[in-house]
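Subject: Structure for your files

Hello,

Here is the structure I said I would pass on. My notes on what was found in it follow below.

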Amino acid sequence: MLKLSTTADCSLYSPSLYFHHIHIPDSNLLTPRTITIYSIVSLLLMAVALALVWFKAVPQKFFVPLFAFSLTLFVIRIVLRIVLARQERRRNNDDGSST
């Protein structure tokens, strides 16, 4: 049997309530060192993809997927840099407001 909660059921339809419990804490996953490592690895992978295409080591039908892969790595790299900058700015604002 379905049991209704005693809280207001209309609040269950608020979109913010679906994700309010999802909290990403300031973890050490996105540190400058981690993003630098990702950047180096992604640049190496892009260089390998470029070398494969340059020396025609892969068939021509793989050129577009390799380009899409490299572009995706590059976009992720940019997004990670933006996220890190926002984290640093938020951390600096939190430190400055407490003094």
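A residue is called buried here at under 20% relative accessible area, exposed at over 50%, and partly exposed in between, with a 1.4 Å probe and protein chains only as cover. Serine 42 is buried on that scale, because its relative accessible area is 1%.

Two points on how to read the values. This is a predicted model, in which local features need pLDDT of at least 70 and side-chain atom pairs count only at pLDDT 80 or more, while totals for chains, interfaces and linings use all residues. Residues are numbered from 1 along each chain as its sequence is written, and side-chain values use heavy atoms, with hydrogens and water left out.

Confidence is given as pLDDT, the predictor's score for each residue from 0 to 100. The protein chain averages 80, and 69% of the residues score at least 70. Among the elements, H2 has the highest mean pLDDT (95) and helix H1 (residues 15-19) the lowest (51).

The protein chain has three helices and zero strands, in the order α-α-α along the sequence. Helices (H or I, at least four residues) and strands (E, at least two) are DSSP runs, numbered from the N terminus.

Helix H2 covers residues 32-54. Buried positions in H2 are Ile35, Ser39, Ser42, Met46 and Ala49. An α-helix has 3.6 residues a turn, so residues three or four places apart point the same way. Leaving aside neighbours within four places in sequence, serine 42 is in contact (heavy atoms within 4.5 Å) with Leu73 and Arg77. Just after H2, lysine 56 takes a positive phi of about 55 degrees.

Over the protein chain, 74% of the contacts with a separation of 6 or more are between residues 24 or more positions apart. Buried residues make up 12% of the 99 residues.

As for the surface, the protein chain exposes about 8600 Å², of which carbon and sulfur atoms supply 70% (Shrake-Rupley method, 1.4 Å probe). Valine 83 lies in helix H3 (residues 63-97) and counts as partly exposed, because its relative accessibility is 30%.

Regards

Terms used. Expected span 1.5 Å × (residues − 1).
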